Amino acid sequence: MADEKKLLKVTIDNITVEVEPGTSILQAARKIGGDVAPPAMCYYTKLKGTGGKCRTCLVEVAAGSTVDPRPMPKLVASCRTNVMDGMVVKNITSDKVIDARNGVVEMLLINHPLDCPICDQAGECSLQDLSYENGRPGTRYEFTRRTFEKHDLGPYIQLHMTRCILCYRCVYTADQLTNKRVHGVLDRGDHSEIATYIHKSLDNDFIGNIIDVCPVGALTDKTFRFKNRVWFLKPVDAHRACGHPNCKGHVTLWYRGEEVFRVTAQKDQWGEVIDWICNECRFEKKKTSDWTIEGPTKISRHSVISQGHYVGVERPQEVLYDVLDGRKPKLLMDIHSVSEVNRPEIDLSEIEGPAHSTDFVPHEERSAGATSDAGNPWSTGKETK
């Protein structure tokens, strides 16, 4: 009988979890779930060599291990740093991490165009979510944004290089799933771009998977392009007996009414593909008769795709109480005691009809018995008794 592996204890945002040796901080945080798990724009579990490029998953290591409890001097990429026994990590509880993540998002958005209203990725874009949570209200960048000439990648895939954040996911996907990769990152520095050296078509049987791994709208499906919005569609899990030996045929069909608008690979809660699918399943099988329907796709309630989708909607895991070590969060606003506008004895939900100005007289004016309209925007013009 093989010896059991010794599990390592790691504490992330005051929550302790046990993991196997060789587990990264990011994977350990994902075992906890919720906001404790750092965002990741370049790391992808199924692709070897990914991670360490986008820097959005930076965390603070407050204690290296039980043997060496000293903190690490700098923030580290959680996707490339393995846990040690007794390690203490701070993610959302660290001001350094939040400030660094805000800076990383600002950097990613320097050249990224604000074209969400016309982008097919809107509603399921990792950068959109990240910029909402960690983005700054403006940019300090004063120079002209990068622009690129249109680069045709074949009959199925459209490349919008201006949106690319150079996460390298599509390159690793083509390198590890296809027989011959014909695209990659060309040039250096601010001239770097995803392209083929000599204009070639990406036509491998599994090349469509680069659309699924792209975290932004740089690589889009031409068969779905500009046809609909994801929040108008109903995702349904389905499968078929695919003839390709490396394709299991497990997909998500995106319906609006009776029509299938697009087909994608099924994804887990972290937005990563569970099983790769071939081009035939993705681009050519868009009839309900081609598939065996399994049922509605389970999606997180925080996703915009859950709009109008009430079957199997999963509530996001709430870890705030554990992060705060059992303490209740501070009440941001108590309208009775903080605003000093409402009368504490009045429950507005029980008022018959609309509330009137007499229900909103400031405390100090009630106590002073003020009756004049002068300088009193809350006064009704009548004596308040």
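Helix axes are lines fitted to C-alpha atoms over the stretch in contact, and angles run from 0 to 180 degrees between N-to-C directions. Helices (H or I, at least four residues) and strands (E, at least two) are DSSP runs, numbered from the N terminus. The model is predicted, so local features need pLDDT of at least 70 and side-chain atom pairs count only at pLDDT 80 or more, while totals for chains, interfaces and linings use all residues. Residues are numbered from 1 along each chain as its sequence is written, and side-chain values use heavy atoms, without hydrogens and water.

Helix α2 (residues 95-108) packs on helix α3 (residues 126-134) with an angle of about 130° and axes 9 Å apart. The angle makes α2 oblique to α3, a term for angles that are not under 35 degrees (roughly parallel), over 145 (roughly antiparallel) or 65 to 115 (roughly perpendicular). Arg-101, Asn-102, Val-105 and Leu-108 in α2 are in contact (heavy atoms within 4.5 Å) with Leu-127, Leu-130, Ser-131 and Asn-134 in α3.

Beyond its neighbours within four places in sequence, Leu-219 touches Leu-153, Ile-157, Gln-158, Leu-159, Cys-170, Ile-210, Ile-211 and Cys-214.

In α4, Arg-169, Cys-170, Val-171, Thr-173 and Ala-174 are buried, that is, under 20% relative accessible area with a 1.4 Å probe, protein chains only. The buried residues of α4 pack against β8 (183-186), β9 (193-196), α5 and β10 (219-221).

Notes:
Buried means under 20% relative accessible area, exposed over 50%, partly exposed in between (1.4 Å probe, protein chains only).
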